[in-house]
Amino acid sequence: MSASSKPFAEFWREYARSPVAVVALAVLMLLLLGASFAPYLAPQNPYDLASLRLEDSRTPPLGGAASGATYLLGSDVLGRDVLSAILYGLRMSLMVGLTAGIVAFAVGVSVGLFSAYRGGRVDALLMRLVDLQLSFPTLLVALILLAVLGKGLDKIVLALIIVQWAPFARTARAAALPQVHQEYMDAARVLRLPLWRQLLKHLLPNCLPPLLVVLTIQVASAILLESTLSYLGIGLPISEPSLGLLIANGSQFLLNGDYWISLYPGLALLLLVGSLNLVGDRLREYFNPRLRKGVMLPLDLAPAPRERQASRGSDADDRPLRVEGLSVVFDTPAGPLHAVDDVSLSVRRGEVLGLVGESGSGKSMTARAIMGMINAPGRVTAGQVLLQGVDLVAMGETELQARRGKDISLIFQDPTTALNPVLRIGSQMTEAVHAHRRVSDAQAQELAARMLARVGIPSPQERLAQYPHQLSGGMRQRVAIAIALLNRPGVVLADEPTTALDVTIQSQILAEFQGLAREEGMAAIWVTHDLGVVEGLTQSVAVMYRGRIVEQGPTHEVLAAPAHPYTRGLLDSLPAANTPGQRLRQIPGMVTSKVGKDPGCGFRDRCSRADERCATPVPVVRLGTADAPRSALCHHPLV
Amino acid sequence: MMGFLFRRLLQSVLVVAVMSALVFFGVFVIGNPADILIDPEATQLERLEAIRTLGLDQSVWVQYGHFVSNALRGEMGRSFVYNQPALELILERLPATLELATTALLLALLLGVPLGLWAGARPKSLPGRAIQTGAILGVSFPSFWQGLMLVLVFSVLLGWLPSSGRGNGPLWSWDRFSHLILPALNLALFKISLVTRLTANAMREALTMDYIDYARSKGVASTRILAVHALKNVMVPVLTVTGMEFGGLIAFAVVTETVFAWPGMGKLIVDSIAVLDRPVIVAYLMVVVVIFITINLVVDLLYSALDPRVRLDQAR
């Protein structure tokens, strides 16, 4: 939820994006109104036995009754108007469902919050109890409870509460758990506020959204359960019929074709439960923004189209990857976020380019954009990615598919999440071969094993039969590198692949990668936040800040004499650049995300050289030679 | 593996013991069995005599001891209504219920999984939305009413299928099959919807994972990404939860068997609850507890077979 000034208006705008959910809400409101005003709306009081006309027994809808009266939805065996019975039955069903749901909510939430707050053994014991209860179907438990308790309105409500408290307890506990150790709870503990006040005042508001969803769904299921029990003859007594009992009463006449006595009450019940569930589902979607994003994979069955003839530039062979003015925008509720802003770079064969920046600078996003893998809500808004002279941005997903993994590949940051946990290493490697080459499975296996050996994995044949979780972190990263190199692509992008590894393994992997890149004549981009890695591995470097490349050039030149104050700051904050015993130098402030377009320098808030000119469009300062070009994006360059 | 099975077996015995205590104290102690078991016309002397023979004058713990030792010998008492051993009554009807529940489970998987996969892979498309909305409405149907409507349409109006009973002849005969269709559909609808929703949600979740993007970056065809990378991960929760839901099918068979006069143990339990035939209620509960424990064990084994990360030896 965003901190909008009108949270309800914003909620409604999002909610109303589903027409089905709007209709469901309207139906629910109508049913609630109908039930509330049943005594005024119903043509007759169905429980006033004196007003019933027995001679009108089982009159069809709008059919001629013996007494001359008309019944919109027909009449039942006692001559009772079905519409009136439905309105009163709706009232009863709703009353039972809401009472049971709300009391179960109160009981379950109290237990869940308490459990999360206390933790330890109390928590473990309570949650075992919840698990045990949830493993038995509610209908069965309710059936047995009623067998023991007997019939009656109070008994059925009690039984429903007993079978329904558990999901509330579990949800409340799950939602409260991350909140329990937040600062405000610690503060409340220190202030020794009473337990119940801490729980209610501080925890509940934060846990409310998921609980509201559970409430709508539980009320719906309470209503269904009550009607089912009443139908089975062990729910409500005949004097207080809910919709379930009305259906049961009509069911014996169904075989004669007198359908209306059962049909209409059932439809009313379906509408009530269905609209509750649809509203609940919409709320669930609203409160779980994770479900709103994700990939849309084309369900293509056609073979990939043949390769397009490349309009090769003069230096296409020397520079297999050229990126021109690439921009990526994320549409956020607060406005467009420029994650990658007018990025241009190129890499030579056999060269490793270091793409450097703090977290959130847009360096990983640049790598993904080059691969054509920006997922919603992001999109590429401008620029070209020329791979061997062919623009990838203009390509469709199927064409891209034929390129990815063959001409250009990406090594992910975290192989633990990137490798599929339920597939063997072998099949994750061979599929990359099969995707681009017509080879037998044995040949693909052989290729995979050889590549594993090349990245320094011992007994590769055995590894192929293993699952990712059976390998160490370093091994997994080597596997990911091997997969990226399987088809000998001309361009390899590596997204901080050694960040999670310890230093010795990191340097081994870097050395191996460097060797492979040189032997294969690959062009590589190594994304990192570590200037030490840049110094040891790369020939050229591009420094990113807030989506823009602020400086690029040959690595040794840039590191020796940075032109941009931000690069200077990065170098100065390296521990090695500081005098031992002195306080570490650092760049003041933090990278802030920006919404909307800002033509000025993004670093000016943190820069010691900044003046009013820095808010105006920033010029590109060209330095270096034609052979080894350098550039910086700054009004006041240091060189 | 053997260690796991042994521990699980011990756990199961514990659960059965706890459940037997719950059932005993729930059903036998709350309320007075003497009022139901003994003819109200009996004299005071006959009453006391009967209470003594039934063991109701003993302390609760002695009674529970009797109950347990009888249960261990497979004796759950005699039904008041049928005057037949209660366990025998239940076991006679168990195959009919299992036939119904198994058919419904198969229907739920065969229809629910493909529908859910489609809806999960294409949640914004028209068919995707339709499937998701349909699945929500599917869990909103009052099961008994939906059964009645099936009878109304297919038995009363069209006259295609029988409305009650289990039919005669061998399992594969048309008569038996035609009797099975409507009850199985009735029981399955809720689960089809449930499996569809579960699969769709798991699929949507899976498609946001890193390994999907990683497979894309390798140039793997999207059909393979969906059918192998996503599906293999989706099937883990879907099959385990569906397995657990088999217990729910047996419970809901109570409703279906009542609507279609299907001669299973669900119909028996409803009738027994109505006349408070306690030995039958207790025997039913104990049988159900044993079925549930078996299902849980099977599901755990299935889970470890599907997800290579799960090692049974390290499981609780």
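Here are a few friendly notes on the predicted model above.

1. Start where the two chains meet. Chain A brings 68 residues to the contact, and chain B brings 59 residues. On the side of chain A that touches chain B, at least two residues come from each of several elements, including helix 6 (138-149), helix 9 (195-231), helix 13 (397-403) and helix 15 (425-434). Helix 11 of chain A gives the most to that side, with nine residues. Sorted by class, the side of chain A that touches chain B holds 41 nonpolar, 18 polar and nine charged residues.

2. Now look at helix 9 of chain B, residues 210-217. How many of its eight residues are buried? Seven of them are, so the helix is mostly covered. The buried ones include B:Tyr211, B:Asp213 and B:Arg216. Their cover includes parts of both chains: strand 6 (408-411) and helix 14 (415-418) of chain A, along with helix 8 (174-207) and helix 10 (222-259) of chain B. After helix 9 of chain B comes B:Gly219, which has a positive phi, near 85 degrees.

3. Finally, find A:Leu531 in helix 20 of chain A, which spans residues 531-537. Why does A:Leu531 count as buried? Because it has 22 C-beta neighbours inside 10 Å, and 20 or more are needed. Leaving aside residues up to four places away in sequence, A:Leu531 touches A:Val356, A:Leu570, A:Leu571 and A:Leu574.

How values were computed: Residues numbered from 1 in each chain as written. Chains lettered and ligands numbered in written order. Predicted model: local features only at pLDDT ≥ 70, side-chain atom pairs only at ≥ 80, totals over all residues. Buried ≥ 20, exposed ≤ 12 C-beta atoms within 10 Å, placed from the backbone. Helix = DSSP H or I, 4+ residues; strand = E, 2+ residues; numbered from the N terminus. Contact = placed C-beta atoms within 7 Å. Nonpolar A, V, L, I, M, F, W, Y, C, P; charged D, E, K, R; others polar.
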